[in-house]
Amino acid sequence: MSNETLDRIETKLDLLLNSNKHRINEKRYITAKEVEDLTGLNHRTILNRSNVDDQNPRFIPSIQFGGSRRKYFERKVIERIFRLK
């Protein structure tokens with residue numbers, strides 16, 4: 001591969017990664033994987049903390065929609081808990 005081709009691929013990858021981060025920040029509800037992207041905390045830890053008693057200081061509130069098993073987290077709450085803004 002030529003340098004020009006590698007540069008073009010690198011530019012496209014940067015564009016994709018940046019657009020993914022931007023998309024995460026726009027959504028009101030995010031998944032545990034997206035919380036991991038924002039905080040660096042493992043998504044399984046996020047899910048485990050959503051299962052502890054709500055009086056526990058490590059508790060992270062979550063939401064489930066329409067009988068789905070998937071948990072979502074409100075972006076504003078995550079930003080407040082982890083002081084992201």
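## Exercises on aromatic rings and a charged patch

Phe 65 has a relative accessibility of 38% and therefore counts as partly exposed. The model in which this residue is examined is a predicted one.

**Exercise 1.** Determine how the rings of Phe 65 and Tyr 72 are arranged.

*Solution.* A pair of aromatic rings is described by the distance of the centres and the angle of the planes. For Phe 65 and Tyr 72, the centres are 5.5 Å apart and the planes stand at 50 degrees. Planes under 30 degrees apart would count as stacked and over 60 as edge-to-face; the pair of Phe 65 and Tyr 72 is therefore tilted. Tyr 72 has a relative accessible area of 22% and is partly exposed.

**Exercise 2.** State how many aromatic pairs the whole structure holds, and describe the one that involves Tyr 29.

*Solution.* Tyr 29 pairs with Phe 65 in an edge-to-face manner, at 5.2 Å centre to centre and with 75 degrees between the planes. This pair links distant parts of the chain, 36 residues apart: Tyr 29 belongs to strand β1 (residues 29-30), while Phe 65 lies in the loop between α3 (43-51) and β2 (73-74). Tyr 29, at 25% relative accessibility, counts as partly exposed. Together, Tyr 29, Phe 65 and Tyr 72 make up one aromatic cluster.

**Exercise 3.** Identify the residues of the negative surface patch and locate Asp 7.

*Solution.* The patch consists of Glu 4, Asp 7, Glu 10 and Asp 14. Asp 7 is placed in helix α1 (residues 3-26). Its relative accessibility is 48%; Asp 7 therefore counts as partly exposed.

Terms used:
Residues are numbered from 1 along each chain as its sequence is written. This is a predicted model: local features need pLDDT of at least 70, side-chain atom pairs count only at pLDDT 80 or more; totals for chains, interfaces and linings use all residues. Side-chain values use heavy atoms; hydrogens and water are left out. Patches are made of residues with over 30% relative accessible area and no salt bridge: like charges are joined within 9 Å, nonpolar side chains (Val, Leu, Ile, Met, Phe, Trp, Tyr) within 5 Å. Accessible areas come from the Shrake-Rupley method with a 1.4 Å probe; for residues, only the protein chains shown count as cover. A salt bridge is a side-chain nitrogen of Lys or Arg within 4 Å of a carboxyl oxygen of Asp or Glu. Lys and Arg count as positive and Asp and Glu as negative; His and the chain ends are not counted. The place of a charge is taken as NZ of Lys, CZ of Arg, CG of Asp or CD of Glu. Helices (H or I, at least four residues) and strands (E, at least two) are DSSP runs, numbered from the N terminus. Buried means under 20% relative accessible area, exposed over 50%, partly exposed in between (1.4 Å probe, protein chains only). Rings of Phe, Tyr and Trp (its six-membered ring) pair if their centres lie within 6.5 Å; planes under 30 degrees apart count as stacked, over 60 as edge-to-face and the rest as tilted.
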